[in-house]
Amino acid sequence: MGRKLLLEHINVPGINTFDVYRSKGGYASVEKALKTMSPEAIVEEVKKSGLRGRGGAGFPTGMKWSFLAKPEGVARYLVCNGDESEPGTFKDRYLMTYIPHLLIEGMIVSSFALGANTSYIYLRGEMMPQVRILEKAIAEAKAKGFLGKNILGTGYDLELYVQPGGGAYICGEETALLESLEGKRGNPRIKPPFPAIAGLYGCPTVVNNVESIAAVVPIINEGGDEYAKIGIGRSTGTKLISAGGNLKKPGVYEIELGVPVEEFIYSDEYCGGIANGKRLKAVVAGGSSVPILPANLILKTINNEARLMSYESLSDGGFVSGTMLGSGGFIAYDEDACIVRNTWNFARFYHHESCGQCSPCREGTGWMEKVLHRLEYGHGKMSDMDLLVDVSKKIEGNTICPLGDAAAWPVASAIRHFRDEFEWHVTNASEATSRNYGLAHYADPLKVAETA
Amino acid sequence: MLRVDEAQEPVEFSPALISKFDEIVSRYPQGKQKSGLLPILHLVQAEFGWVSAPAMDKVAEYLSILPIEVYEVATFYTMYFLRPQGKYVLEVCRTSGCCLVGAEKIMDHIEETLGVKEGEVTPDGLFSWRGVECLAACGFGPVLQIGPEYTFYENLTNESVDKLISDLKAKAKN
């Protein structure tokens with residue numbers, strides 16, 4: 001049984017209220033940080049913890065904090081990224097729904113560390129219930145003296161606000177989020193300048209994912225060194241994994257980084273195997289943007305080592321045979337899933353969500369969607385697969401923000417690993433509209449094929 | 001599609017609504033009131049059921065920004081309705097995770113039950129429906145949400161959708 005740092009008390013009745021949360025040791029990190037630590041010392045602890053951004057990019061949080069410019073007389077902001085729109089990811093919604101005070105506690109400590117006196121939690125607009133939950137929790141914390149003027153008599157002031165977006169995946173990109181928070185279209189900004197220099201209202205700003213900010217709480221309570229002992233290598237601490245798709249027990253799991261993927265999928269402690277007695281065909285391990293892998297490659301690396309749920313192990317083999325941990329959006333596909341249809345679904349998503357600023361992404365995502373649509377509906381050509389790879393290569397790396405890459409990778413990886421299924425959709429067009437390709441040679445996880 | 005050239009009913013914001021706007025704008029630094037645009041548009045939509053061009057003009061006036069600054073935002077984000085909708089808009093997630101567990105069948109069922117195509121309003125004005133992109137509830141799919149509270153309905157089946165629709169019909173009568 002792995003350690004739970006974030007979700008330990010999630011099943012305690014009333015944990016969403018201040019009093020119960022406090023009785024379980026909540027807000028201890030605020031007292032410790034504000035009364036006994038300097039902002040620099042907090043940043044140092046977060047650096048020592050090795051915490052990496054939980055939103056998807058995996059950039060070290062402490063390092064991001066240390067880049068924050070601190071010009072005299074200029075306001076600094078902490079903005080929490082709760083846009084959570086990556087298909088497959090639903091951990092932040094879960095955390096905010098059931099244990100909202102954890103996020104608020106993390107926001108107070110983090111804002112203090114960064115010298116911010118006004119902080120915003122930006123949520124995707126669809127999360128109106130969570131807006132209400134957080135606003136209630138903020139009011140409770142304020143009534144108890146943990147927010148507002150002169151917090152706990154330390155002289156530190158902090159106002160915390162929740163801001164709903166309007167329904168746009170792109171606002172999960174930090175500069176698009178800042179644009180949206182300023183009341184504009186969510187068009188990502190050209191970097192540099194980075195938000196650490198010129199972010200919200202042109203002021204130095206740090207944008208962190210909900211889970212990253214929540215993780216600051218155990219880091220301060222237990223110390224960065226202790227936190228770093230959990231996990232494996234440079235993947236320290238615990239991670240929330242959103243498990244969905246054809247799993248017996250889908251849901252949000254907190255894992256110690258380094259759990260074997262096979263254990264995560266099949267053990268009863270986690271997902272309990274594939275639903276309805278089916279076999280596993282493929283997995284998207286870190287949200288829709290990361291490369292999809294067939295069952296054999298997600299369970300074992302190309303060197304036949306067991307693959308682990310960690311930043312390094314999942315990306316072992318690069319994009320040829322590996323993927324990424326990303327945001328931890330884990331989607332399992334059983335033998336009945338059609339990879340072509342799923343890839344078309346993803347391509348449509350990215351076409352729909354492209355902000356339209358950069359031509360390669362605006363046009364390319366649309367072309368990919370069209371080509372995949374005709375493949376799925378029996379009008380594809382044999383040359384379409386190369387065409388898709390070609391388009392994806394021309395998007396990748398040629399856009400202001402990573403949405404272009406995120407749109408390109410799932411298409412390119414699906415063709416890389418499942419080309420025969422795409423070809424079958426061309427050669428057996430009418431059959432493909434009435435039945436699925438099935439498992440073919442894609443490894444059954446329990447009887448791993450010899451061919452890797 | 002936004003049509004600003006059509007004649008549309010002028011709107012008035014009630015003092016209660018304006019005071020909600022005031023509270024939102026107080027969250028931002030002096031001169032940055034435009035930050036309140038997205039939350040304010042949500043309030044307008046909750047009040048009127050959709051966001052009309054005259055309503056947007058009013059919002060622009062309130063925030064001391066140009067009308068185009070409101071139009072460009074309202075057309076960019078997917079949650080704002082630029083056309084009148086049914087009283088209840090069923091928004092069903094249509095992205096990968098939910099499709100694996102039957103979201104497409106749920107949408108077919110809704111279309112059949114309500115008898116209107118995606119984006120259309122039922123003759124009684126009660127319902128419209130549409131597919132939306134990932135709602136961040138992939139473990140509990142298929143899911144749908146209904147504004148303006150954006151209540152979530154998870155693990156949908158044809159039966160639970162039927163019940164939801166009849167419950168909403170009963171609610172609308174009372």
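In chain A, helix α6 lies across strands β1 (77–82), β2, β3 and β4, and runs at about 145° to β1(A), where helices (H or I, at least four residues) and strands (E, at least two) are DSSP runs numbered from the N terminus. This is a predicted model, in which local features need pLDDT of at least 70 and side-chain atom pairs count only at pLDDT 80 or more, while totals for chains, interfaces and linings use all residues. Residues are numbered from 1 along each chain as its sequence is written, and chains are lettered from A and ligands numbered from 1 in the order in which they are written.

**The sheet of chain A**

- Four strands, in the order β3-β2-β1-β4, form an open sheet with parallel pairing, and two strands pair if DSSP finds at least two bridges between them.
- Because β3 (159–164) and β4 (205–209) of chain A stand at the edges, each with a single partner strand, one side of each is left without a neighbour in the sheet.
- Strand β2 (residues 118–123) of chain A pairs with β3(A) in the parallel sense over 6 bridges, and L123(A) stands opposite P164(A) in β3(A).

- Helix α9(A) lies across β1 and β4 of chain A and runs at about 90° to β4(A); axes are lines fitted to C-alpha atoms, for helices over the stretch in contact, and angles run from 0 to 180 degrees between N-to-C directions.
- The axes of α6 (residues 100–114) and α9 (residues 210–222) of chain A come within 8 Å and cross at roughly 75°, which means that α6(A) is roughly perpendicular to α9(A), a term that covers angles of 65 to 115 degrees.
- The residues of this contact between α6(A) and α9(A) divide into 10 nonpolar, 2 polar and 1 charged.

**The nonpolar core**

- Among the 184 residues of the largest nonpolar core, V79(A), L95(A), V109(A), V283(A) and V92(B) touch the most other members; such a core is a set of buried Ala, Val, Leu, Ile, Met, Phe, Trp, Tyr and Cys residues joined through C-beta atoms within 7 Å.
- Helix α18 (residues 403–427) of chain A gives the largest share of this core, 11 residues.

**Chain B**

- Chain B has 7 helices and 4 strands, and its C-alpha trace spans about 50 × 35 × 30 Å along its principal axes.
- Of the 174 residues of chain B, 39% count as buried, meaning that 20 or more other C-beta atoms, placed from the backbone, lie within 10 Å of a residue's own.

Methods. Buried ≥ 20, exposed ≤ 12 C-beta atoms within 10 Å, placed from the backbone. Parallel < 35°, antiparallel > 145°, perpendicular 65-115°, else oblique. Nonpolar A, V, L, I, M, F, W, Y, C, P; charged D, E, K, R; others polar. Contact = placed C-beta atoms within 7 Å.
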